Amino acid sequence: MSDKKPFRHRPGRRHRRRRGGLKPPAQEPGTPTYVGLHPDVPMRIEAFSYDAEHFESLTTDNAAACQRFQQPGRPTWLHVTGLREAEKIAALGQGFGLHPLLVEDVLNGNGRSKLDQDDAWLFITLRLLRLDPAQEHVEDQHLALHIAPNLMLTFCESPTDVFHPVVQRLRDGTGRLRAQPVDFLLWALLDAVIDHYFVVIEALESRLERIDEALEDGANRIEIHDLHHARADVIALSRKLRPMREITSQLSHSDSPLLSNATRIFFRDLYDHAIHAIDQTDDLRELSNSVRDYFLASVNNRMNEIMKVLACVSAVFLPLTFLAGVYGMNFDVLPEKSWRYGYLFFWIACIVIVAGMLWFFRRMKWL
Amino acid sequence: MSDKKPFRHRPGRRHRRRRGGLKPPAQEPGTPTYVGLHPDVPMRIEAFSYDAEHFESLTTDNAAACQRFQQPGRPTWLHVTGLREAEKIAALGQGFGLHPLLVEDVLNGNGRSKLDQDDAWLFITLRLLRLDPAQEHVEDQHLALHIAPNLMLTFCESPTDVFHPVVQRLRDGTGRLRAQPVDFLLWALLDAVIDHYFVVIEALESRLERIDEALEDGANRIEIHDLHHARADVIALSRKLRPMREITSQLSHSDSPLLSNATRIFFRDLYDHAIHAIDQTDDLRELSNSVRDYFLASVNNRMNEIMKVLACVSAVFLPLTFLAGVYGMNFDVLPEKSWRYGYLFFWIACIVIVAGMLWFFRRMKWL
Amino acid sequence: MSDKKPFRHRPGRRHRRRRGGLKPPAQEPGTPTYVGLHPDVPMRIEAFSYDAEHFESLTTDNAAACQRFQQPGRPTWLHVTGLREAEKIAALGQGFGLHPLLVEDVLNGNGRSKLDQDDAWLFITLRLLRLDPAQEHVEDQHLALHIAPNLMLTFCESPTDVFHPVVQRLRDGTGRLRAQPVDFLLWALLDAVIDHYFVVIEALESRLERIDEALEDGANRIEIHDLHHARADVIALSRKLRPMREITSQLSHSDSPLLSNATRIFFRDLYDHAIHAIDQTDDLRELSNSVRDYFLASVNNRMNEIMKVLACVSAVFLPLTFLAGVYGMNFDVLPEKSWRYGYLFFWIACIVIVAGMLWFFRRMKWL
Amino acid sequence: MSDKKPFRHRPGRRHRRRRGGLKPPAQEPGTPTYVGLHPDVPMRIEAFSYDAEHFESLTTDNAAACQRFQQPGRPTWLHVTGLREAEKIAALGQGFGLHPLLVEDVLNGNGRSKLDQDDAWLFITLRLLRLDPAQEHVEDQHLALHIAPNLMLTFCESPTDVFHPVVQRLRDGTGRLRAQPVDFLLWALLDAVIDHYFVVIEALESRLERIDEALEDGANRIEIHDLHHARADVIALSRKLRPMREITSQLSHSDSPLLSNATRIFFRDLYDHAIHAIDQTDDLRELSNSVRDYFLASVNNRMNEIMKVLACVSAVFLPLTFLAGVYGMNFDVLPEKSWRYGYLFFWIACIVIVAGMLWFFRRMKWL
Amino acid sequence: MSDKKPFRHRPGRRHRRRRGGLKPPAQEPGTPTYVGLHPDVPMRIEAFSYDAEHFESLTTDNAAACQRFQQPGRPTWLHVTGLREAEKIAALGQGFGLHPLLVEDVLNGNGRSKLDQDDAWLFITLRLLRLDPAQEHVEDQHLALHIAPNLMLTFCESPTDVFHPVVQRLRDGTGRLRAQPVDFLLWALLDAVIDHYFVVIEALESRLERIDEALEDGANRIEIHDLHHARADVIALSRKLRPMREITSQLSHSDSPLLSNATRIFFRDLYDHAIHAIDQTDDLRELSNSVRDYFLASVNNRMNEIMKVLACVSAVFLPLTFLAGVYGMNFDVLPEKSWRYGYLFFWIACIVIVAGMLWFFRRMKWL
């Protein structure tokens with residue numbers, strides 16, 4: 001029990017509660033303010049510059065250093081963690097050519113996942129989901145990617161290891177990653193994100209199956225909270241994944257000069273994965289509805305069983321008790337009292353009543 | 001309790017009841033009549049004229065004064081509050097070039113949200129929602145916007161402070177607002193409206209979560225009314241927001257000469273916000289369905305618990321009472337009566353019966 | 001009660017029962033036969049001929065008289081009430097150029113609402129709904145409109161006052177109606193029809209709200225029939241309004257030479273109204289589902305309350321009765337019987353049992 | 001009861017059971033095998049040859065005779081009943097130019113309704129539904145139509161009188177049928193088929209209404225089987241009619257040289273009828289859902305009534321019985337026993353208890 | 001019972017449990033790893049080379065042997081069973097020109113069904129379903145088909161006899177199969193796959209009907225697990241078949257040079273079959289919902305019956321027992337006790353009470 005609790009609902013509830021507030025209504029847009037759940041993570045920039053032969057990396061919290069780090073003709077990837085210092089983010093964005101509205105999207109941890117594009121850039125926001133190592137709850141944060149020629153900016157709210165394998169492949173030079181332009185890196189990053197979606201879907205499916213089995217084993221105390229929270233999580237997951245269909249579809253059909261023909265088949269593959277994830281979430285939703293129906297039917301069935309026992313016990317013993325009550329009466333004249341076999345006849349009557357009731361219950365198919 | 005009541009249902013009910021009637025069927029259109037819930041708010045016009053350097057304002061209830069106030073080449077914004085004086089509204093509309101059917105739309109407080117456009121003007125009606133400061137209920141009124149070159153007319157039924165920050169930005173000259181044509185003002189106003197939608201959605205979500213938690217804590221008396229009213233409010237909100245998808249989509253794709261290319265990205269952003277609000281409302285709807293299912297399952301579960309206790313108590317005590325009844329009979333011949341250990345045997349029989357029942361209940365997994 | 005009954009279900013049921021039969025299968029089409037619910041209304045024709053200066057009217061049952069009444073160059077409107085004399089209708093139709101299949105559509109009181117058009121004519125069938133003055137039930141009949149240059153034919157099954165205000169405006173010469181060609185009259189008639197839809201929707205909504213309030217006030221006897229009939233009426237209304245979306249949309253986009261550009265904005269307005277009516281009906285449907293859920297939850301809740309009382313009473317008195325039964329036994333040896341404070345101890349035991357039960361119920365949150 | 005039984009479910013069940021098997025998987029297509037429910041109907045061909053002046057008919061089971069019967073320049077209609085002799089059907093098909101895959105479609109009694117066309121032919125399969133004269137059950141069989149210039153082939157599984165009126169009109173020469181090419185015959189046949197759909201829909205609607213009324217009258221034993229079978233039949237009907245939308249739509253938009261412009265308006269009319277039938281089936285589905293909700297609510301309501309009676313009886317008599325038990329105890333010291341008005345006081349106490357309980361029940365609104 | 005068990009749920013559960021894991025997140029794509037449920041099946045290649053006159057076959061596990069076996073100008077079909085040796089599969093794929101991403105798709109036993117095409121190849125993945133001969137459970141495996149000019153590669157996870165009839169037809173030279181290019185073989189294989197879908201659908205339908213009948217016969221113990229598992233299987237089947245719509249549609253509209261015009265009508269037929277299968281699955285879904293409703297209604301109905309018996313027994317015997325208790329009291333003064341006909345009067349009172357209750361129950365329509 002205790003190991004499932006954190007995954008179950010307390011975080012979910014707090015999460016929804018702590019949404020980090022809304023942007024004050026009718027504020028002038030473009031004013032950089034961070035809105036989200038991680039206001040205590042300091043900004044840190046990991047910068048990577050690579051080509052087929054070279055690989056350099058730098059960790060800093062200084063936007064100017066990043067600009068100096070960038071080398072012409074070589075892909076540069078800046079991975080920014082921690083968005084609380086909104087002005088520094090805005091300055092960094094300005095330094096690398098982000099439109100103020102996009103900076104606002106970067107800083108809005110509750111924004112909608114979307115893809116925006118222009119001739120010169122591609123901008124994507126999405127949810128980064130990750131099952132924590134203890135498999136106890138899902139870490140959910142906002143991720144923004146900005147792609148320009150030879151430039152990849154990624155912004156996330158709190159540290160995560162989702163991209164470590166990609167960094168590792170860059171560092172080791174294995175695979176095609178280092179020899180390709182920045183759109184291939186985009187694909188690698190999105191592929192990592194979507195792979196983690198499947199891990200989360202898998203975990204949710206296991207939860208539903210555990211509940212299903214508990215129901216089937218006729219669990220002593222049916223964990224109805226679990227089912228309710230699992231269903232809420234399926235709905236939430238579904239909402240988070242839904243925009244991925246459009247984003248990946250746009251990527252695989254985009255005629256942006258940033259996307260080469262060679263990577264198109266990879267983005268089509270990504271689209272297949274996204275659709276698959278969305279389909280699986282829809283199936284989870286149907287499955288959760290089916291489990292709910294099963295739960296209700298089980299409860300009703302069980303109630304029937306209980307009622308049958310209650311009705312049988314009552315129907316057997318109420319007449320018997322009445323009969324015993326009759327012969328406990330104190331009428332002066334009560335002929336049976338003085339019969340010799342009165343007591344015997346009483347028991348015979350009882351047996352007849354019980355037999356009749358049993359016959360009746362069997363005919364009603366209650367026993 | 002008391003603080004939630006006004007938000008909950010009495011206003012909702014009265015609101016629906018007091019819809020302000022319908023237009024008499026088959027009346028000649030174009031006859032100016034106000035239809036709505038605020039027939040007691042007198043008309044007041046706030047007029048603003050501005051450009052990058054200047055800002056003037058005027059408060060009046062005289063349409064002619066407004067026409068004199070308008071200065072060629074400068075954006076003018078007339079904000080009209082209170083629609084009960086239908087003829088004055090019609091006169092104002094005529095003075096500024098509104099089609100009679102549009103005037104009718106302005107005066108119909110129950111109309112459908114929509115966008116209508118022509119080469120020379122853009123006309124939008126929508127719902128203006130605002131959570132009152134005490135967070136107790138949602139103020140819902142009808143808002144009409146009419147845009148022509150260098151002219152913005154806004155009509156609302158009762159005073160509201162939704163646009164105060166926009167007026168403040170105009171007055172202070174902060175941001176880009178004063179240097180831009182009137183389409184940027186349109187965007188600022190719509191942005192303010194949609195920001196308030198999120199506040200209302202947030203409040204509804206909190207209500208559903210409060211109900212959810214009350215259910216989870218096994219509230220002594222389940223507030224089923226609350227859930228029902230929250231669901232009705234979600235349905236109503238959903239209906240009010242739904243047309244925003246089309247309105248903002250049309251704005252971001254419109255080729256109206258009134259909308260400059262520079263603001264198009266802002267309207268696209270607006271469209272994203274509207275979609276996000278609609279998506280969140282859809283999720284609220286699903287959430288409310290899930291809470292309903294949870295409620296029903298909880299009630300059924302609780303009924304099961306009650307029935308189990310009832311069945312156990314009956315199944316234990318009915319046989320015992322029968323047994324006690326037997327030995328309370330007055331047969332002259334009742335051998336056990338005179339046994340020495342009869343009473344002891346009776347209690348032993350009772351214990352055996354109770355133990356058997358408990359074993360049975362445990363096997364049935366009731367205890 | 002009695003005042004709502006006619007509105008509620010008996011008419012509905014009879015209506016569905018008395019549908020007036022079906023066309024005999026596989027009959028040759030074009031044979032004029034009236035199919036519908038008003039076979040006892042005799043045919044009557046009201047003819048109106050008007051232009052900006054003149055207005056003439058004629059009431060007859062003679063098709064030939066109508067043809068003589070028609071004046072070249074002037075709009076003529078023939079309003080036919082009562083369709084039982086199918087041959088006369090067919091003759092009238094032939095005289096004014098209706099295709100035989102259209103005559104069949106005119107005579108089929110159960111047909112589907114639709115718009116059919118050709119270069120020379122426009123033909124519309126729809127449902128004419130009207131709340132009777134006593135607000136007791138909805139009069140539902142079939143209406144057919146046929147428009148040709150300077151000619152408007154309307155056919156309805158039984159007398160109605162829906163078009164009286166339009167006739168009044170024609171007669172008085174107020175508004176634009178008399179100065180416009182016949183497409184403006186079409187708009188005025190459809191507008192009158194749709195205005196009455198809103199009256200019917202309003203009435204249905206009040207019914208649902210009355211049921212909702214009755215539920216909320218914990219009505220002694222829940223009027224489940226009412227809810228069921230209201231839901232059936234919402235479904236039926238929804239089916240009747242649904243085709244209006246397509247009809248009004250086609251009208252506002254039609255390139256028929258019969259529709260002038262000047263009236264197009266009026267038909268667009270009509271389309272908005274139709275969509276609004278359909279949206280409201282959809283909301284009624286959702287509302288009725290929500291009321292149903294509320295009803296089921298209330299019933300279940302109430303059952304819980306009843307069961308709690310039953311379980312508490314049983315759990316308190318069954319043990320007590322058993323105890324009383326024990327000391328009513330007639331064992332010769334029953335030591336407590338002769339104790340001095342036996343009776344006192346008995347009552348103390350009773351009080352302990354009751355207190356224990358109450359403590360248990362409180363812990364279970366039943367009290 | 002007995003008259004509804006055959007219509008109700010036993011035939012339905014057997015029907016589904018006796019589906020006539022599937023084509024053996026992965027068999028070479030084009031091998032003629034009959035798959036269906038009527039393997040015992042021998043083949044019979046009714047041949048009709050007609051033009052405006054002539055009409056000839058022939059009944060045979062010989063395909064060659066049919067070919068001889070066909071006269072150039074005159075429409076010929078071959079109506080084949082009974083498909084068990086697959087080879088003869090295939091031979092007939094080959095003689096009149098059917099593609100082997102179409103012959104397979106003719107012979108597959110479980111196939112999907114569809115329209116297939118080529119420059120030289122039109123091929124339609126659909127379900128032929130017919131309420132038997134005793135109105136007891138629906139005869140459901142497979143119908144295939146093949147149209148080529150001056151040739152109409154129709155294939156059905158078992159004898160039916162659906163097309164008798166059409167034959168009659170051909171024979172009598174009434175109406176336009178004989179003077180028109182074969183596409184008009186196609187329309188007449190499809191119109192007959194769809195007219196029978198309405199008869200079946202009508203019968204299903206009556207069944208649902210009968211159930212509805214039985215519920216309303218508080219039927220002693222609610223016929224839940226009936227509702228379940230009616231719903232299954234609505235689902236099945238809906239599935240059978242659904243493809244008609246596409247078939248009739250294709251017919252009314254087809255540019256096949258087999259369809260003349262003159263019949264196009266008739267096919268459009270057919271499309272309207274098909275849509276109407278599908279709409280009505282959808283409404284039946286909603287109606288059946290509403291009846292189900294009504295049923296569940298009624299059962300729950302009734303359960304509430306029962307529980308109230310049970311709870312009241314228990315709550316009144318359990319305390320009374322306890323009290324009687326107390327004064328049936330045999331304690332030596334039981335002061336009330338010897339009171340003079342003890343018995344009177346007992347009855348007064350009983351009345352007080354009953355009155356208190358009644359007051360409580362009234363406050364709970366149970367009585 | 002025992003014969004249905006394996007089909008019912010244990011395999012299903014284990015199947016879902018043993019999904020064979022996920023690809024490690026963010027791994028470099030193109031690395032060949034088998035993901036699926038059959039890691040213990042060794043690779044085996046059956047190679048067939050044929051034309052109108054010749055037929056040769058070879059069974060091997062050597063990719064190089066296959067390349068030697070291939071003869072120019074003749075269709076070659078390699079059927080690969082067992083995917084655990086990922087490197088050998090990758091080598092084979094490379095030898096016959098598969099893109100690395102397609103090899104990954106071949107090796108992913110949990111991938112989504114899809115069609116991918118290029119000028120030079122067509123690639124299809126789908127689910128191969130087969131009811132095992134004992135009709136006890138459904139074998140579900142992943143199938144990949146790759147078509148290039150004169151080349152067909154098929155990959156499946158474990159041995160199956162679905163394609164035996166096709167091989168037989170190739171071997172025997174019956175039918176058109178051997179004389180046609182490889183697209184006709186593609187059609188034959190897909191036709192075999194879809195034919196087996198119908199077998200599985202049929203089996204599921206029988207299961208649902210068995211449950212339905214059990215419900216109708218008022219089965220002693222309602223097999224609610226069966227229903228729940230059948231519904232889960234319907235959902236799963238629906239998910240597996242859904243992509244077939246798009247795949248077969250693309251095939252019948254594809255302009256790939258690999259598909260000749262002659263086979264197009266066969267692919268259109270295939271599309272019809274796929275749609276039919278999907279429609280039937282949708283109907284199964286509706287049917288299963290209807291059965292669920294039926295189940296819930298039956299349970300509720302039965303509960304009503306039980307409650308009625310309980311309420312009647314209680315309402316009859318509680319008053320009687322009270323009356324017997326009264327005359328069992330030991331008051332010194334209890335006048336009736338010494339009445340001569342007291343005992344008789346007691347029984348008369350009992351009969352009156354019983355008669356009154358029976359009258360009441362009949363009026364309530366409980367009996």
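Mentor: In chain A, which has 367 residues, 45% count as buried, a residue being buried if 20 or more other C-beta atoms, placed from the backbone, lie within 10 Å of its own, exposed if 12 or fewer do, and partly exposed in between. The model is a predicted one, in which local features need pLDDT of at least 70 and side-chain atom pairs count only at pLDDT 80 or more, while totals for chains, interfaces and linings use all residues. Residues are numbered from 1 along each chain as its sequence is written, and chains are lettered from A and ligands numbered from 1 in the order in which they are written.

Chain A has 10 helices and 7 strands, where helices (H or I, at least four residues) and strands (E, at least two) are DSSP runs numbered from the N terminus. Of the contacts in chain A with a separation of 6 or more, 70% are between residues 24 or more positions apart; two residues are in contact if their C-beta atoms, placed from the backbone, lie within 7 Å.

Chain B touches chain A through 52 of its residues, which are in contact with 46 residues of chain A. On the chain B side, α6 (164–172), α7 (182–216) and α9 (261–326) each supply at least two residues, and α9(B) gives the most, with 30 residues. By class, this side of chain B has 23 nonpolar, 14 polar and 15 charged residues, with Ala, Val, Leu, Ile, Met, Phe, Trp, Tyr, Cys and Pro counted as nonpolar, Asp, Glu, Lys and Arg as charged, and the others, Gly among them, as polar.

In chain C, helix α9 (residues 261–326) has 66 residues, which at 1.5 Å a residue should span 98 Å, and its end C-alpha atoms are 97 Å apart, which agrees; the expected span is 1.5 Å times one less than the number of residues. Of these 66 residues, 49 are buried, so that α9(C) is mostly covered.

Two packed helices are described by the angle between their axes and the distance between the axes. Axes are lines fitted to C-alpha atoms, for helices over the stretch in contact, and angles run from 0 to 180 degrees between N-to-C directions. In chain D, helix α9 (residues 261–326) and helix α10 (residues 342–363) pack at about 160 degrees with their axes 10 Å apart, and α9(D) and α10(D) are therefore roughly antiparallel, since angles over 145 degrees count as such, under 35 as roughly parallel, 65 to 115 as roughly perpendicular and the rest as oblique. Their crossing is right-handed, a crossing being right-handed if the near helix is turned clockwise from the far one by less than a right angle, and left-handed if anticlockwise. Among the residues that make the contact are D:C312 and D:L323 of α9(D) and D:F346 and D:F361 of α10(D), and the contact divides into 13 nonpolar, no polar and no charged residues.

In chain B, the axes of α7(B) and helix α8 (residues 224–253) come within 10 Å and cross at roughly 155 degrees, and the two helices are therefore roughly antiparallel, with a left-handed crossing. Their contact includes B:R207 of α7(B) and B:D226 and B:D233 of α8(B), and by class it has 10 nonpolar, no polar and 3 charged residues.
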